[in-house]
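Welcome, and thanks for taking a look at this model with us. Please keep the structure open beside the text as you read.

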Amino acid sequence: MRLELWMLLGSVMVLTAIVAVRLSYRLGLPSLLAYLGLGLLLGESVIGVHFDDAQLAQTLGLAALVIILTEGGLTTNWQHVRSGVPAAMSLALVGTALSIMIVAGSVHWLLGTDWRLALLLGAVLAPTDSAAVFSVLRRLPLPHRLAGTLEAESGFNDAPVVILVIMLSSAHGSGVWALFGTLLYELLAGAVIGISIGFGGAWVIRRVALPASGLYPLAVLSLALGSYGGTALLHASGFLACYLTALILGNSRLPHRPATKGFAEGIAWLAQIGLFIMLGLLASPEELPGELWYGLAAGFILVLVARPLSVLIATTGFGISWGEKAFMSWAGLRGAVPIVLATVPMTEKVPGAERLFAAVFVIVVVFTLLQGPTLPWFARRCGVTVEGLPTDLDVEAAPLEELNADLLEVRIPARSQLAGVEIFELRLPPGAQITLVLREIRGAEGIIERISFVPDKRTILHEGDELLVVTTAADRDAAERRLRAVSRSGKLAGWFGEHGG
């Protein structure tokens, strides 16, 4: 086929996928479903594109996951996730182990699956998917600790599961102690290498003046990908290393940081599109209906039994409320990671691997359709939503890193105690200032108009106002806490013991 035709087809697929993102966003669904559907449509059962190379799918899939995980680390705000990291690590290790044992034991005793395949199914389904979690959770007004715990969990839990799936798929089995020793070495070595490259890379980038701004995103992405490659060559966890490297780089005050995050986000979208379309091509639609009931049974065991129990046990002692535990149980979204991991047994010729892949494909599609759109409703029922949280606002035209400043965007929701407060009564820290207010007013003939103005200290805030807050990096946390406190308890929040934590 000519190069021109390939380029035309490729551009049409990417543009179609971009349109599908908009549709899935409005429906509250992770975009993976649209991409998987596009892959099934292009496959040999419909349009006729033939693809059945599981080894190539595994290689390209792991490469795409590294890029997606890197983008997740770069765009994660450490200040928001820091308090949730201990619980996230417990979920990634203890919770993952419990989920694997519960799923494996259940499908073995209830569905008659042999132990090896049952353990593989439990391991493949154990990790939550960073792309699915980020795409859905970042739209919800969740407390930073809760959202940060789920985001960090999805970043941490890939590493141990990849090791387990590879070892379980290998023809040469290992004892329990050998497995534990391998896991311990790979995780510790991956963490040390990833952290070292992250801090070392940030130190170098801050001190090297590159001749073009476009080189900074390339340098950051190369450091994260190199962290994966170098760590994997040392037989340690490359997934953990690249995530930690990206997390450190994304939270360091590097030159052109907003542009770097935007570049990584675009590359990650491209990786997602290619990955899910490829996995859709690899699936055989005629085999999926035959595994529907098996997949549904295993999926309900995972979602209704294994995930809630693992969350309940793994988060004990971390001060997490029952409502938050219920939401975390329902928010354990699966996506590309289980499907990519299901290709590993196929390449190792494990008996029953094709059935495993089809069942995992069914589980991901069906339960993403079930869980994704219901998460906003479930969050409200669990009482974990918090309206009016300040959010980051990246401005690429201003050298905020050099000014050591941040921009926050705050929307005053209905029933917020911020409404009716004069700006001077907020008592923001000295380094924070509300510089712009965007407000809806009723104009001539009842038409709603949006106006923007620079407020003074006597300006009264209204419901629905959108505020632009400029703050120094040192005063950012204090400004966020004060805004949360006033939103909950009014201008006398400090007198009532409310400090915005």
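## A strand residue and its surroundings

Setting aside neighbours within four places in sequence, E466 touches E409, V410, R411, L436, V437, L438 and R450. E466 itself sits in strand 5, which covers residues 466-472. With one of these partners there is a polar contact as well: the side chains of E466 and R450 are joined at 3.4 Å. Please bear in mind that this is a predicted model.

## Charged pairs

How many salt bridges does the count come to? The count comes to 10 salt bridges. One to look up in your viewer is E422 with R458, where the closest N and O atoms are 2.9 Å apart.

Let us turn to helix packing, with the geometry set out in a table.

| Helix pair | Crossing angle | Axis distance |
|---|---|---|
| Helix 6 (residues 115-125) and helix 9 (residues 158-169) | roughly 160° | within 9 Å |
| Helix 14 (residues 292-314) and helix 15 (residues 322-330) | about 135° | 9 Å |
| Helix 3 (residues 54-74) and helix 11 (residues 215-233) | about 125° | 10 Å |

Start with helix 6 and helix 9. Their axes cross at roughly 160°, and angles over 145 degrees count as roughly antiparallel, so helix 6 and helix 9 are roughly antiparallel to each other. The crossing of helix 6 with helix 9 is left-handed. On the helix 6 side, R116, L119, L120, A123 and V124 take part, meeting V161, V165, L168 and S169 of helix 9. Sorted by class, this contact of helix 6 with helix 9 has 7 nonpolar residues, 1 polar and 1 charged.

Next come helix 14 and helix 15, packed at about 135°. Helix 14 and helix 15 are therefore oblique to each other, and they cross in a right-handed sense. Helix 14 contributes V303, L304, R307, P308, V311 and L312 to the contact, and helix 15 contributes W322, K325, M328, S329 and W330. The classes here are 8 nonpolar, 1 polar and 2 charged residues.

The remaining pair in the table is helix 3 with helix 11, at an angle of about 125°. Helix 3 is therefore oblique to helix 11. Is the crossing of helix 3 and helix 11 left-handed or right-handed? The crossing of helix 3 and helix 11 is right-handed. In this contact V66, I67, T70 and L74 of helix 3 meet V220, L221, A224, L225 and Y228 of helix 11. The contact of helix 3 with helix 11 divides into 8 nonpolar residues, 1 polar and no charged.

Notes
Residues are numbered from 1 along each chain as its sequence is written. This is a predicted model: local features need pLDDT of at least 70, side-chain atom pairs count only at pLDDT 80 or more; totals for chains, interfaces and linings use all residues. Side-chain values use heavy atoms; hydrogens and water are left out. Axes are lines fitted to C-alpha atoms, for helices over the stretch in contact, and angles run from 0 to 180 degrees between N-to-C directions. Helices (H or I, at least four residues) and strands (E, at least two) are DSSP runs, numbered from the N terminus. Angles under 35 degrees count as roughly parallel, over 145 as roughly antiparallel, 65 to 115 as roughly perpendicular and the rest as oblique. A crossing is left-handed if the near helix is turned anticlockwise from the far one by less than a right angle, and right-handed if clockwise. Contact means heavy atoms within 4.5 Å. Ala, Val, Leu, Ile, Met, Phe, Trp, Tyr, Cys and Pro count as nonpolar, Asp, Glu, Lys and Arg as charged, and the others, Gly among them, as polar. A polar contact is a pair of N or O atoms within 3.5 Å; within protein, one must be able to donate a hydrogen and the other to accept it, and residues adjacent in sequence count only if both atoms are side-chain atoms. A salt bridge is a side-chain nitrogen of Lys or Arg within 4 Å of a carboxyl oxygen of Asp or Glu.
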